[in-house]
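Here is a friendly briefing to read alongside the model. Please take a look at the structure first, and then we will walk through it by topic.

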Amino acid sequence: MELKLRMQIKEAVLEILEDSDMETTTEHQIRRLASKKLDLDLDKSEYKAYVRHVVNSFLEEQKVKQEDDEEEGGKQEQEYDDEGNLVICRLSAKRKVTIQNFRGANLVSIREYFHDGGVERPTTKGISLNEEQWSNLRKNIPAIEKAVKDMQDRDI
């Protein structure tokens, strides 16, 4: 893909990302909007991989900005869900990471939630990791990040 086209795709995708609700917008929606804007089918594999790369880079930059803002703003008030579990972060409108105590074991829970009469309730879709499993995952995060980056680089 030529540099001029890459720059046009990147500019269009970033403009769409800036105006999008990142809790609900999907990569497919971004590709569709950018395709219309550029009059180009971005669902082709060579373009699709590049759009994914641009989106992931944007999300990573937003994450770093958010972390910087949180550090500058001091310690934020902690959030608890309707079951009394500490909410560490929201991954999307329906998914979040919580810390909970179940039968005396501390668990890191990554789970989908649904609304039931104004109350947010967990679904069975998710995973809870005990301290040993969490520690093992944490130690392997660099390897996971490298594998994801390698996969993205292959797609570009």
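Let's start in the sheet, where Arg-111 stands opposite Gly-126 in β5. This is a predicted model, in which local features need pLDDT of at least 70 and side-chain atom pairs count only at pLDDT 80 or more, while totals for chains, interfaces and linings use all residues. Residues are numbered from 1 along each chain as its sequence is written, and side-chain values use heavy atoms, with hydrogens and water left out. Helices (H or I, at least four residues) and strands (E, at least two) are DSSP runs, numbered from the N terminus.

**The sheet and its hairpins**
- An open sheet is built from 5 strands in the order β1-β2-β3-β4-β5, with antiparallel pairing; two strands pair if DSSP finds at least two bridges between them.
- β1 (79–80) and β5 (119–129) are at the edges with a single partner strand each, so one side of each has no neighbour in the sheet.
- Strands β3 (residues 95–102) and β4 (residues 105–116) run antiparallel and are joined by 8 bridges.
- Among the residues paired with β4, Phe-102 has Ala-105 as its bridge partner, and Asn-101 has Asn-106.
- The hairpin of β3 and β4 has 2 residues between the strands, and Arg-103 in the turn has a positive phi of about 50°.
- Arg-103 is also exposed, at a relative accessible area of 78% (buried means under 20% relative accessible area, exposed over 50%, partly exposed in between, with a 1.4 Å probe and protein chains only).
- β4 and β5 run antiparallel too, joined by 8 bridges; in their hairpin, with 2 residues between the strands, Gly-117 takes a positive phi near 60°.
- Helix α4 (residues 131–155) lies across β4 and β5, at about 70° to β5. Contact means heavy atoms within 4.5 Å; axes are lines fitted to C-alpha atoms, for helices over the stretch in contact, and angles run from 0 to 180 degrees between N-to-C directions.

- An unreviewed UniProt entry annotates residues 3–60 as "domain: DEK-C"; UniProt positions follow the numbering used here, feature names are shortened, and annotations may be inferred rather than shown by experiment.
- That span, residues 3–60, is 76% helix and 0% strand, and its end C-alpha atoms lie 23 Å apart.
- Beyond its neighbours within four places in sequence, Ile-9 is in contact with residues including Met-1, Leu-38 and Tyr-50.
- Asp-39, in the loop between α2 and α3, has a positive phi of about 55° although it is not a glycine, and it is exposed at 72% relative accessible area.

**Salt bridges**
- The structure holds 11 salt bridges (a side-chain nitrogen of Lys or Arg within 4 Å of a carboxyl oxygen of Asp or Glu).
- One of them pairs Lys-37 with Glu-15 (2.2 Å, N to O); Lys-37 is in helix α2 and Glu-15 in helix α1, so parts 22 residues apart in sequence are tied together.
- Another pairs Arg-52 with Glu-27 (3.5 Å, N to O); Arg-52 is in helix α3 and Glu-27 in helix α2, so this pair ties together parts that are 25 residues apart in sequence.
- Asp-150 and Lys-146 form a salt bridge with their closest N and O atoms 2.8 Å apart, and, being 4 residues apart in helix α4, they are separated by about one helical turn.
- Salt bridges that share partners join Glu-27, Arg-31, Asp-43 and Arg-52 into one network.
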